[in-house]
Amino acid sequence: PAFPPDRDGLLFVFPEDGQHGFWMKDMAYAIDIMWFDADGSLVHIEERVAPETYPESFRSSTPARYVLETRAGFVAERALELGAELDLTGADFTVE
């Protein structure tokens, strides 16, 4: 299985900064996970997190407001590094 082709990513928006943890329970494919602070600056990256890592939990040591999950390889393909800015200009959202 792979990341759903009808999605580019899942953006989690939290009401306050924190060390929001994510795990791979019931996941069928690997993902990249990125944490951004309240200003939209990338503060932590976990690449190619596999379903087999469950029940391990992944979190940023730096408080984050946003977490973006994408298909595995997204970070490497774009050569994203800490400090990159989250730009939601022109993003098409579906709220679930």
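I looked up Phe22 first: Phe22 is buried, at a relative accessible area of 10% (buried is under 20% relative accessible area, exposed over 50%, partly exposed in between, with a 1.4 Å probe and protein chains only). The model is predicted: local features need pLDDT of at least 70, side-chain atom pairs count only at pLDDT 80 or more, and totals for chains, interfaces and linings use all residues. Residues are numbered from 1 along each chain as its sequence is written, and side-chain values use heavy atoms, with hydrogens and water left out.

**Aromatic pairs**

I searched the whole structure for aromatic pairs and noted 4. Rings of Phe, Tyr and Trp (its six-membered ring) pair if their centres lie within 6.5 Å; planes under 30 degrees apart are stacked, over 60 edge-to-face, and the rest tilted. For Phe14 and Phe22 I noted ring centres 6.4 Å apart and planes at 80 degrees, so this pair is edge-to-face. Phe14 is partly exposed, at 22% relative accessible area.

Phe22 also pairs edge-to-face with Trp35, at 6.3 Å centre to centre and 80 degrees between the planes. Phe22 lies in the loop between β1 (9–18) and β2 (31–36) and Trp35 in strand β2, so the pair ties together parts 13 residues apart in sequence. Helices (H or I, at least four residues) and strands (E, at least two) are DSSP runs, numbered from the N terminus. Trp35 is buried, with a relative accessible area of 0%. I recorded one aromatic cluster formed by Phe12, Phe14, Phe22 and Trp35.

**Contacts and cores**

What does Phe22 touch, not counting residues up to four places away in sequence? I listed Phe12, Phe14, Ile33, Trp35, Glu56, Ser57, Phe58, Val67 and Glu69 (contact means heavy atoms within 4.5 Å).

The largest nonpolar core has 11 residues, including Phe22, Trp35, Val43 and Val67. Such a core is a set of buried Ala, Val, Leu, Ile, Met, Phe, Trp, Tyr and Cys residues joined through side-chain atoms within 4.5 Å. I find that β2, β3 (42–49) and β4 (64–71) each supply at least two residues of this core. The largest share, 3 residues, comes from β2. Apart from this core lies another, of 7 residues, among them Met34, Phe36, Leu42 and Leu68.

**Backbone**

I noted a cis peptide bond between Tyr54 and Pro55, with omega about 20 degrees. Pro55 sits in the loop between β3 and β4.

Asp26 is not a glycine, yet its phi is positive, near 65 degrees. Asp26 is in the loop between β1 and β2 and is exposed at 75% relative accessibility. Arg48, also not a glycine, has a positive phi of about 50 degrees. I placed Arg48 in strand β3; Arg48 is exposed, at 54% relative accessible area.
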